[in-house]
Amino acid sequence: MFCTRCGFLNAADAQFCAACGSPLTVSASVPAAPSAAPPPSGPQPESSPPAPAPQARLGDRFLAVVLDSCLMAAAFAVIGMWAASRWGGFTATGFQLEGRAAWVAGGATLALGLLYYWITEGLFGATLGKAIIGLVVRKADGRPCGLGASLIRNLLRLVDGLGVYLVGFLAAVLSRSRQRIGDRVAGTVVTERPPARAARAALVLLWLAALAAGVLGAVRLHRAPPEASGEVTAAVGAPAAAAGDLRLINLDFLEREDGPPRPQRPYQRGELVYLKYDIVGFGTAPGGNTDLRINGAALDPNGLPLYSWSREFSRPVASGNPVNGWISIELPAFVPPGRYQIQINVEDKVNNARLSHSVGFDVQGDPVPVASRFEVRDFEMAPARDGPAASPMVLEGGGTVYMRWKIAGLGFRGDDVDVRVAMKVYGPGGKLLLDQPEYFSRRESVGYHPPGYFLPISGHLNVPSGFAKGTYTVQFEASDNIAQARTSWSAQFQVR
C-alpha cells in the first residue's frame, strides 16, 4: 500500500506509514447507487484525509535528550555524594571522579537511566523530556511502543550514544524515517504529539521538581558531617565547627602514602598508620592567604600520647581547593594492644572557627610484659642482619656475627633515658681480644614510654678469617645511669 504523503510502499495491512508515520487510508470500490439525476458537472471537492503525525525533528529529539540528561546528571550527583560519604572521595565542591565512589555512582546512574527510559517509553511512549517537547515513541505500524521494543531501543543507546550521540545522529540523518540504530532494530519511530498548554506546564513543573530534588539532595549530602571511610576499623565522634563551614572531608586510613584505602583489619606492631584528610570551609584574609592552626595527638588505650603534632598553614589556596593533611605514625614493638584514638583539631583564625574530630583504630597482639627491674630480654645471634637466630652460632673461617636484644625496666628522668652497654670479646684460650666500654650508648628524650617500654638494640661483630678456630665468648654489661642499675650477660660463637 502506497503512502499518499511520502509515496513509501508499505505492507498491505499496515495502518501507518513505516517511513513517515502518516495514517494510511484504504480506498474500497463501492458500487454506485442508481441516480435519477446525472452527476453535477465541473470539479468536485475531495474529502480531506486525517492529518498525519509528522516525524519528530532531530532538533526536538536533541532537546528532549538534553532535558532527560539533566535529570540523569542530578541522579549522578546524589548517588556520587552518597557513595563519597560512605567510601570517601569528597572534594571542596563535590566528589572525586575516580575511585570507588565514582565507579559506584557511574554504574548506578547507568542502570537507573536504562530503567527510566525503558519504563517511561514502554508504558507512556515518552520520557519526561520527550513529553515536554511533544514527542512520542511508537512502532512503525502505529501501535504503542510497548516494553519489549522499548527495552531493545534503549539497550542500543550504548551504541547510538557513542561520540556524544554522534552515531545515533548519523544513523537518523541517513534514515528516511529518522530512525537511529535502536529504532531500526526495535522497529520504532519517533513522531510529534504536542501536548496541551496546561499539560506541558504541569510536565515542566514535574521536571523542575525532580531536578531540584536531585540538586538539593546532593548539596545536603555534601554538607552533612562526613564519616570515616568504610575501610577504617571504626570512627568515633564527628567533626563539629564552632563557626562557619569549617569541615574535615575525605578522612581515610591508607595502606601507604598515596596508596589505596586500607582494608578493615587491626594493625600489628611495627606497621605504619597513615591517615589522610582534607580541610574545607576555611576563610581567606584580604590578601588571599589562609590562616589555619592544626594540631592533634594519637592516644594509646591507656590515654598516653603515642604521637602529637602541631602545624600552621598560612599561604594562598586556589578557590574551591582543600588544604590537605596527613598523619604518619609508626607503631613501636612495645605498644600495648587495644583501641587507639587520633584527635585532630583545626582552628581557622580568619573566620574564628574551630573543629575537633576523633577517629579510632585497633592494634592487635599479646600484652607486653612489664619489667619489674632493669633486665635484658631476647638476646640473639644471627649470620645475617635480619636473618633468623642461630644457636649455636658458627662461622666458617670468619665473617660477621649480628646481635640483637632488648633492655627493659629502664628508669626515666622526665622523658629522658641514659643507657650504656660495654662489650668484651675473649678468644678460645681466654685471652681478651676486644674491649669496648662504649659499645652502645643512648642518652636522649623518649616521648612515648608506656609501662611495657623496652629499648631495642642491635649490633655486629666482625671476625677476620685469620682468627683461630674454637669457641669465642662475648660478655656484655648494661648500665642504667638514671636508675643506677646494672645487668650483665654473655654469649658464645664458634669459628671453624
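**View 1. Arg-262 lies over the face of Tyr-267.** Welcome to this predicted model! Here the arginine sits 3.6 Å from the centre of the tyrosine ring. A second pairing of this kind brings in Arg-157, placed over the face of Tyr-117 at 4.0 Å from the ring centre.

**View 2. Phe-379 and Trp-489 form an aromatic pair.** Phe-379 belongs to strand S13 (residues 375-382) and Trp-489 to strand S20 (residues 485-495), so their contact ties together parts that are 110 residues apart in sequence. Phe-379 is partly exposed, at 24% relative accessible area, whereas Trp-489 counts as buried, at 15%.

**View 3. Trp-405 and Phe-476 make a tilted pair.** Their ring centres are 5.1 Å apart, and the planes meet at 50 degrees, so the pair is tilted. Trp-405 comes from strand S15 (residues 399-408) and Phe-476 from strand S19 (residues 470-480); the pair therefore ties together parts that are 71 residues apart in sequence.

**View 4. Aromatic residues gather in one cluster.** Take a moment to find each member: Phe-334, Phe-412, Tyr-448, Tyr-453 and Phe-454 form this cluster together.

Conventions. Residues are numbered from 1 along each chain as its sequence is written. This is a predicted model: local features need pLDDT of at least 70, side-chain atom pairs count only at pLDDT 80 or more; totals for chains, interfaces and linings use all residues. Side-chain values use heavy atoms; hydrogens and water are left out. Rings of Phe, Tyr and Trp (its six-membered ring) pair if their centres lie within 6.5 Å; planes under 30 degrees apart count as stacked, over 60 as edge-to-face and the rest as tilted. Helices (H or I, at least four residues) and strands (E, at least two) are DSSP runs, numbered from the N terminus. Buried means under 20% relative accessible area, exposed over 50%, partly exposed in between (1.4 Å probe, protein chains only). A charge sits over a ring if NZ of Lys or CZ of Arg is within 6 Å of the ring centre and within 35 degrees of the ring normal.
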